Amino acid sequence: FHPLSANFLLARHLKSHWANYANGKAEAGQKADVNDWRVARTIFVADDDKVAARYGGADGNSPYRHYFGNMRAKMIRGNRLYVFKSHKEQPDDEITLDYVLQNCVFAGSINKVVEQILAMREETGDFGELVYAGMDWLDPALAKRSMQLMAEEVMPRVNAAISKPVASAAE
């Protein structure tokens with residue numbers, strides 16, 4: 001069993017996942033290895049920030065907007081909107097679709113996505129594997145380009161910045 005933190009959770013809450021997992025392993029008489037922890041993020045990388053913003057959520061036809069719109073609606077119906085809250089007391093009316101997209105999707109040009117990943121890592125602490133969660137391929141060329149940029153540009157820069165390899169997996 002290797003823990004996987006879901007792509008639809010705010011990064012600020014992920015650190016508790018590792019702490020709870022490590023505690024559970026200790027209670028079972030085992031040692032947790034941070035390299036086993038997989039963190040999924042919804043990622044879209046484009047050659048420029050305007051395309052990334054549009055396809056990554058700003059456009060009404062964005063697959064990311066569609067996915068998180070459905071996810072948000074399910075959380076509302078299930079009385080679980082707290083999943084997207086930055087703090088317990090945050091009012092429900094602040095959890096708009098744009099808020100969710102801003103906090104759950106890494107979208108941008110190469111440097112912007114590198115910055116987003118590194119900022120998340122600063123918040124969560126070390127983890128072993130970044131799982132690339134993409135959305136339906138409304139535009140196959142953009143989706144393929146995103147994965148290419150992620151593999152060839154983003155992850156090498158992230159790895160160089162943290163001075164150790166971090167795996168990247170496509171979902």
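1. Aromatic pairs. Counting rings of Phe, Tyr and Trp (the six-membered ring for Trp) as paired when their centres lie within 6.5 Å, the count comes to 7 aromatic pairs. One of them is Trp-18 with Tyr-21, a tilted pair at 5.4 Å centre to centre, with 45° between the planes. For the wording: planes under 30 degrees apart are stacked, over 60 edge-to-face, and the rest tilted. A word on the model: it is a predicted one, so local features need pLDDT of at least 70 and side-chain atom pairs count only at pLDDT 80 or more, while totals for chains, interfaces and linings use all residues. Residues are numbered from 1 along each chain as its sequence is written, and side-chain values use heavy atoms, with hydrogens and water left out.

2. Where that pair sits. Trp-18 and Tyr-21 are 3 residues apart in helix α1 (residues 14–27), so about one helical turn separates them. Helices here are DSSP runs of H or I with at least four residues, strands are runs of E with at least two, and both are numbered from the N terminus.

3. Val-34 is in the loop between α1 and β2 and is partly exposed, at 23% relative accessible area. Neighbours within four places in sequence aside, Val-34 is in contact with Trp-18, Asp-126, Phe-127 and Gly-128 (contact means heavy atoms within 4.5 Å).

4. Helices α2 and α3. The axes of α2 (residues 49–58) and α3 (residues 63–77) come within 5 Å and cross at roughly 30°. That makes α2 roughly parallel to α3, since angles under 35 degrees get that label, over 145 roughly antiparallel, 65 to 115 roughly perpendicular and the rest oblique. The axes are lines fitted to C-alpha atoms over the stretch in contact, and angles run from 0 to 180 degrees between N-to-C directions. On the α2 side the contact uses Tyr-55, Gly-56, Gly-57 and Ala-58; on the α3 side, Pro-63, Tyr-64 and Arg-65.

5. Tyr-55 and Tyr-64 pair edge-to-face, at 6.0 Å centre to centre and 75° between the planes. Tyr-55 is buried at 4% relative accessible area, and Tyr-64 is buried too, at 3%.

6. Strand β2. What does β2 pair with? Strands count as paired if DSSP finds at least two bridges between them. Strand β1 (residues 4–5) runs parallel to β2 and is joined to it by 2 bridges, with Leu-4 partnered by Arg-38. β4 (residues 129–133) pairs with β2 in the parallel sense over 5 bridges, including Ala-40 with Val-131. β3 (residues 105–108) is also parallel to β2, through 4 bridges; Ile-43 has Phe-106 as its partner there. As for cover, 7 of the 8 residues of β2 (residues 38–45) are buried.

7. Asn-79 has a positive phi of about 55° although it is not a glycine. Asn-79 lies in the loop between α3 and α4 (97–104) and is exposed, at 68% relative accessible area.

Conventions. Buried means under 20% relative accessible area, exposed over 50%, partly exposed in between (1.4 Å probe, protein chains only).
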